[in-house]
Amino acid sequence: MRAKELMDNEFVYLNCEDSVIEVSKVMEEIRRFTCPVVNDNKQLVGWITSFDITRGLREGNEKISEIMSGYEEVATVHEEDPARKAVILTANNKFVTVPVVNDDNQVIGMVRACDIVALLSELYDIKVVKLYKAMQNQLKGVTWEELMAASALVSTKTTGVKITPEEYEANIMSATFGEAIWSTGGLEKFFAGLISVGELVIARRVGKARK
């Protein structure tokens, strides 16, 4: 997924000459805590937060240019950047919003923390079986039976509890991605398990081909 696929392209942008008072009304009306400041070509030149507005009103500033953060202080992502870059920026810097720009440095969208949370919520509800189907598709020529057999072996080795391929298949049919992450002890361990399954499947097929 690219940043442009995750961004919200409906947003309000400001101009350096805009009134602090008027902007405070707009931000309150649209319920946004941050807004980009752009020039006449919609190129990013600054950034305004609700905290800036509060300070500006308190100190009697009139124009946005007096209180905005400069361009060099604003973290952005390019529209073609991986969406994970925006997610990491948001998480590591506790950003509410990250602006998305094109090759001309024009602001074309926003990646918002609330949209990231919504996306993750959707991912958590995906059935695990869909991930295994996608994995099978990537492992060209691997049958579903081979994948389930390898998965059962990896699960048995990891947990110490013996499970048959049929039992493993039944589990992933009903489990969601979120449940799988919790039961395996975290995202890294879950995907480490998938990688182990893939490696085992390939190793077994190579072994059969040599016989």
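## Packing of α6 with α7

Axes are lines fitted to C-alpha atoms, for helices over the stretch in contact, and the angles between their N-to-C directions run from 0 to 180 degrees. In this predicted model, the axes of α6 and α7 cross at roughly 120 degrees and come within 10 Å of each other. The crossing in which α6 passes α7 is right-handed.

On the α6 side, the residues that meet α7 are V129, Y132, K133, M135 and Q136. Their partners in α7 are W144, L147, M148 and S151. Classified by residue type, this contact of α6 with α7 comprises six nonpolar, two polar and one charged residues.

## Packing of α6 with α8

Helix α6 also packs with α8: the two axes cross at roughly 115 degrees and come within 6 Å. Here V128, V129 and Y132 of α6 meet Y168, I172 and M173 of α8. The contact of α6 with α8 consists of six nonpolar residues, with no polar and no charged ones.

## The largest pocket

The largest pocket holds about 550 Å³ of space. It is lined by 22 residues, of which S155, Y168, S183, T184 and F190 are the closest to the pocket centre.

Five helices each supply at least two residues of the lining: α6 (128-138), α7 (144-159), α8 (165-174), α9 (177-184) and α10 (187-210). Helix α10 provides the largest share, with seven residues. By class, the lining of the largest pocket divides into eleven nonpolar, nine polar and two charged residues.

## Packing of α2 with α3

In another part of the sequence, helix α2 (residues 20-30) packs with helix α3 (residues 50-59) at an angle of about 140 degrees, and their axes lie 10 Å apart. Angles over 145 degrees count as roughly antiparallel and those from 65 to 115 as roughly perpendicular; α2 and α3 are therefore oblique to each other. The crossing of α2 past α3 is left-handed.

The contact involves V20, I21, V23, S24 and M27 of α2, together with S50, I53, G56 and L57 of α3. Six of the residues in this contact of α2 with α3 are nonpolar and three are polar, while none is charged.

Notes:
Residues numbered from 1 in each chain as written. Predicted model: local features only at pLDDT ≥ 70, side-chain atom pairs only at ≥ 80, totals over all residues. Heavy atoms only, no water. Helix = DSSP H or I, 4+ residues; strand = E, 2+ residues; numbered from the N terminus. Parallel < 35°, antiparallel > 145°, perpendicular 65-115°, else oblique. Left-handed = near helix turned anticlockwise from the far one by under 90°. Contact = heavy atoms within 4.5 Å. Nonpolar A, V, L, I, M, F, W, Y, C, P; charged D, E, K, R; others polar. 1 Å grid on protein atoms, 1.4 Å probe; cavity = no way out; pocket = protein on both sides within 12 Å on 5 of 7 lines; lining within 4 Å. Points joined across faces, edges and corners; volume = space filled by probe spheres on them.
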